[in-house]
Structures are given as C-alpha cells and as structure tokens.
Amino acid sequence: MSWADLDNDGDLDVLVTTGVLGMYHDLLYRNDGAGAFTKVAGTAIDTPLTWSGGGGWADFDNDGDLDLLIGAYDGHNRLFANDGEGSFARIDTGILSADGNYIMGIAWADYDRDGWPDVFTARNNYFGGNNCLYHNEGGTNHWLNVRCIGTVSNRSAIGARVRARAVIGSHVVWQSREVSAQTGGGSSGQSPFNVGFGLGDAEVVDSLVVSWPSGIVQVMTGVNSDQFLVVTEGASSIEERPVLTGTPRRSVLGPAAPNPFSECTSIRFSRSGTAGSEIAVFDAAGKLVRRLVCPAGSSVVAWDGKDARGKRLGSGVYLLRPVGGAETPCRVIIAR
C-alpha cells in the first residue's frame, strides 16, 4: 500500500498493488475526507493485469502534483503522470518505462540534491539482474524540499503533516505530504523522511504549515523556492530557512550543567563557518521565550531561567536551539 494526496484536496488516498504473487488489477482508492474511500476504476493505473512489485509517489516533473511509478515484477515498469486533478496518463517512453522485471521495491529520493526526485529500484536477485538507480535530468520548474526534525514528537518526525500553498499557473494550489515510516514502495523500498513539493512556475511558497503529532503547529510565510529547508519542532518559524547547499555551517549544543537546574545552568556551545552566535529558548508549547547570546571567544552560555523581560519562568521542559546554521539540533533542559 502507498498513501498520498493524489488530488491535492488535503486528505490521503491509497494505492494497493498486486504484489509478486497476485494476478489482479492494481487498485486506487480516493479519500472523501470523512473516512470513506471510493474505488477509482477504469483508469490507466488499474487497466493492466500484471504482477507489481510496489508503487511509489513523487512529483518527478515538479509541476505541483504527485506522479506514480509502479515497479513491475513481470514485464515493464509503469510510470504515470498526474494531470493535477487526480487523473493519470501512462508514459510509455524513457528508460523507466522500458525497464522492469523482478522489481521488489522502489524508492524516490533526491540523491544529488538538485531538487529533482531520482528513483532506485530493488530487484529480486534470485532470478538475476541488478538493482538500478535512475537520475532525473530535471527541468525549469521550481521546488521545495523540507526535512522535519522532531523534539517533542519523535526525532524522525513520523506522523508530521506538511502543507504548502503556492500560486501555480495562476491557480492557488495546496499540497499535502505526511512523513511516514513506510512509503509503500514495496518490501524492499523506503524513501527518505524528507518531503518534496513541486512548484511549477511559483517562485515563492505563500504558506508552509507543519502540524506535529505533539499538537504543535508551525506556520511560515513567504518561503523562497528551490531550497532545502530544515524545520525543527518548536522553533521560531522566522528562523526556519537554512539552505543546505554551499559552504557547510554548523552550530552544536553540548551538555548543560546542571540539568535539571534551579537557579542557573551553563550550556556548552560550539560553532563553525558562518553559523550564528545565539541560542533560542522555547517552552514546551513551542513559544520563543529567550535568546541567549554566546560571548565572543567563549564556548559557554549561561541561562538563569528567566525570559526576555527578566521574569523567572516556571518549572518544566524547555528546548534550546542554535540560531542559524545548516544543522541545528535541539537540546532538552529541565527547570525546577
């Protein structure tokens, strides 16, 4: 099974492939948003009667809708282009459509970080043949790639929902992705936790909304296209725009001592390249309560448990995060 919002209506639809021992049509079900599903019949997807080794969704042409590749256990792979309204046309040309046989799983990933999803197919070696990696040659459409890092929720951000709003071809389009532990690519397929959005001619994402399993919701506006974005749960939305290209930048938080603390604690802090010199402090609800400035030449930052106005905060869990830098993991600290 492979879940995806194929028609950009905000809910997850599902593809069920036959598997390697089946002899049935692949099945596509559309979600009505209220918990009921309708079987989509008579499409290019369910027409062939063949064995399938898993299916995976990705916007391979970055035009703003999710396309589909079904790996073939018997015969040729099947690549389908989405028309933006949930209808699909099979693409019969190109190396992906010409290849196949004994495919057990597929995984989409932008391995060379050029903004265009590439694809890997895993083959059952019992019958011979090698796994294959296919490079996407790309085009001129814009894109956005988002990596979510959980702090209150799980670190991998599994279960987080990411939504992006952009004007594509003069139409307002909301796209939805969910971070999943299993992408549905088959028994040998697993794509990364990054989620990608094709943006067509849109140079800006008007709104980017991340809804975390913890209940925290982060909203960013005016996000530029063609970048790799890291969103850390509970961090200030205005700071969530590092581009993961060019000269590496890194800010690292060391241990805090004492932790838990009552009056004051000291946090070890290191940075390299052009990384920032501040640490942001958030409460458990994700609200920014204080910025701590690391003195020049120092590797230790002290915090007295007070907010930006000098008011002592209550006991509880707080999150520390370096401001700026391509890699900005958080650290949990407890105030008594």
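**Surface, strands and charge pairs**

Author: A nonpolar surface patch of about 340 Å² is formed by Met1, Trp3 and Phe37. Please note that the model is a predicted one.

Reader: Where does Trp3 lie?

Author: Trp3 belongs to strand S1, residues 2–4.

Reader: Let us turn to strand pairing. How do S2 and S3 run?

Author: Strand S2 (residues 13–16) and strand S3 (residues 27–31) run antiparallel and are joined by three bridges. Within this pairing, Val14 stands opposite Tyr29 in S3.

Reader: How many bridges are there between S3 and S4?

Author: Four bridges connect S3 with strand S4 (residues 37–40), again in the antiparallel sense. Leu28 has Val40 in S4 as its bridge partner.

Reader: What about the hairpin of S3 and S4: how many residues are between the strands?

Author: There are five residues between the two strands, and Gly33 in this hairpin takes a positive phi near 90°.

Reader: Now to the charged residues. How many salt bridges are there?

Author: The count comes to nine salt bridges. One of them joins Asp99 to Arg123, with the closest N and O atoms 3.4 Å apart.

Reader: Which parts does that pair tie together?

Author: Asp99 lies in the loop between helix H1 (95–98) and strand S9 (103–109), while Arg123 lies in strand S10 (residues 118–123), so the pair ties together parts that are 24 residues apart in sequence.

Reader: Is Arg123 buried or exposed?

Author: Arg123 is buried, because its relative accessible area is 14% and the cut-off for buried is under 20%.

Reader: Which side chain does Asp206 meet in a salt bridge?

Author: Asp206 meets the side chain of Arg165, at 2.7 Å from N to O. This pair links distant parts of the chain, with Asp206 in strand S16 (residues 204–211) and Arg165 in strand S13 (residues 161–168), 41 residues apart. Asp206 counts as partly exposed at 27% relative accessibility, and Arg165 counts as partly exposed at 25%.

Reader: What is the salt-bridge partner of Glu263?

Author: Glu263 pairs with Arg312, and the closest N and O atoms are 3.9 Å apart. Glu263 sits in the loop between strand S19 (250–257) and strand S20 (265–272), and Arg312 in the loop between strand S23 (300–303) and strand S24 (316–322), so parts that are 49 residues apart in sequence are tied together.

Reader: How accessible are Glu263 and Arg312?

Author: Glu263 is exposed, with a relative accessible area of 58%, whereas Arg312 is partly exposed at 39% relative accessibility.

Reader: Which backbone atom does the side chain of Asp283 reach?

Author: The side chain of Asp283 reaches the backbone nitrogen of Lys287, at 2.9 Å.

Reader: Lastly, where is Arg331?

Author: Arg331 is in strand S25, residues 331–335, and is partly exposed at a relative accessible area of 31%. Arg331 and Leu319 are twelve residues apart in sequence and 5.8 Å apart in space, C-alpha to C-alpha.

Definitions and conventions. Residues are numbered from 1 along each chain as its sequence is written. This is a predicted model: local features need pLDDT of at least 70, side-chain atom pairs count only at pLDDT 80 or more; totals for chains, interfaces and linings use all residues. Side-chain values use heavy atoms; hydrogens and water are left out. Patches are made of residues with over 30% relative accessible area and no salt bridge: like charges are joined within 9 Å, nonpolar side chains (Val, Leu, Ile, Met, Phe, Trp, Tyr) within 5 Å. Accessible areas come from the Shrake-Rupley method with a 1.4 Å probe; for residues, only the protein chains shown count as cover. A salt bridge is a side-chain nitrogen of Lys or Arg within 4 Å of a carboxyl oxygen of Asp or Glu. Two strands pair if DSSP finds at least two bridges between them. A polar contact is a pair of N or O atoms within 3.5 Å; within protein, one must be able to donate a hydrogen and the other to accept it, and residues adjacent in sequence count only if both atoms are side-chain atoms. Buried means under 20% relative accessible area, exposed over 50%, partly exposed in between (1.4 Å probe, protein chains only).
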